[in-house]
Amino acid sequence: MTINRIQDEIIEEFSEVDDWMDRYAMIIDLGNSLPAIDSRFKTPEHLIEGCQSRVWLNAEEKDGKVYFTADSDAIIVKGIIALLIKVLNGHTPREIIDANLYFIDRIGLSENLSPTRSNGLLAMVKQMRLYAIAMDARDRM
């Protein structure tokens, strides 16, 4: 499934819920369903800079596609990284680099987060793209 199709499905799911408390509950549920990150990646090297909460992120490439694992010590943030993983997991580095993550604005996420969480969201997207850029560069060598 393409990145845009996944985003469209997320937009559709969120459009069925008007209340932001219910949307936060959806995000928290996504975070709770996030597979556990291997403990060997819960290190300072895997912490995302710029997040107020602690967020660990790892990326591995298998058969030309990127697979992310993550965890956070904050339930909303864990849900946000789960959303990003849902959209970007299993795609090529180039698809991740080129992706326009329009779902963030369309579901109202950016406008309903505190400034520190918004900065954290941007830091998560940036780190995921940096992993993809590094893998894309390595693949071209």
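1. Basis. The model is predicted: local features need pLDDT of at least 70, side-chain atom pairs count only at pLDDT 80 or more, and totals for chains, interfaces and linings use all residues. Numbering starts from 1 along each chain as its sequence is written, and side-chain values use heavy atoms, with hydrogens and water left out.

2. Helix H3. Residues 75-88 form H3; helices (H or I, at least four residues) and strands (E, at least two) are DSSP runs, numbered from the N terminus. H3 has 14 residues and reaches 20 Å from its first C-alpha to its last, close to the 20 Å expected at 1.5 Å a residue. The expected span of a helix is 1.5 Å times one less than its number of residues. Eleven of the 14 residues are buried, so H3 is largely enclosed by the rest of the structure. Buried means under 20% relative accessible area, exposed over 50%, and partly exposed in between (1.4 Å probe, protein chains only). Among the buried residues of H3 are Ile76, Val77, Gly79, Leu84 and Leu88. Gly90, with a positive phi near 80 degrees, follows H3.

3. Ala82. Ala82 is part of H3 and counts as buried, at 6% relative accessibility. Not counting residues up to four places away in sequence, Ala82 touches Leu30, Gly31 and Leu34, contact meaning heavy atoms within 4.5 Å. Pro115 is 33 residues from Ala82 along the chain, and their C-alpha atoms are separated by 20 Å.

4. Helix H6. The 26 residues of H6 (residues 115-140) should span 38 Å at 1.5 Å a residue, and the end C-alpha atoms are 37 Å apart, which agrees. Buried positions in H6 include Ser118, Leu121, Met124, Met128, Tyr131 and Asp136. Their cover includes strand S1 (55-62), strand S2 (65-72), helix H3, helix H4 (93-98) and helix H5 (103-106).

5. S1 and S2 are paired antiparallel over eight bridges; two strands pair if DSSP finds at least two bridges between them. Val55 has Ser72 of S2 as its bridge partner. The two strands form a hairpin with two residues between them, and Asp63 in the turn has a positive phi of about 50 degrees.

6. Nonpolar core. The largest nonpolar core has 45 residues, with Phe68, Leu84 and Phe103 making the most contacts inside it. Helix H1 (3-15), helix H2 (20-32), S1, S2, H3, H5 and H6 are the elements that give two or more residues to this core, and H3 supplies the largest share, ten residues. Such a core is a set of buried Ala, Val, Leu, Ile, Met, Phe, Trp, Tyr and Cys residues joined through side-chain atoms within 4.5 Å. Leaving aside residues up to four places away in sequence, Phe68 touches residues including Leu57, Ile85, Ile96, Met128 and Tyr131.

7. Charges over rings. Lys42 lies over the face of Trp56, at 4.7 Å from the ring centre. The charged end of Lys62 sits over the ring of Tyr67, 5.9 Å from its centre. The criterion is NZ of Lys or CZ of Arg within 6 Å of the ring centre and within 35 degrees of the ring normal.

8. Pro44. Pro44 is in the loop between H2 and S1 and is exposed, with a relative accessible area of 61%. Pro44 and Val55, eleven residues apart in sequence, lie 9.8 Å apart in space, C-alpha to C-alpha.
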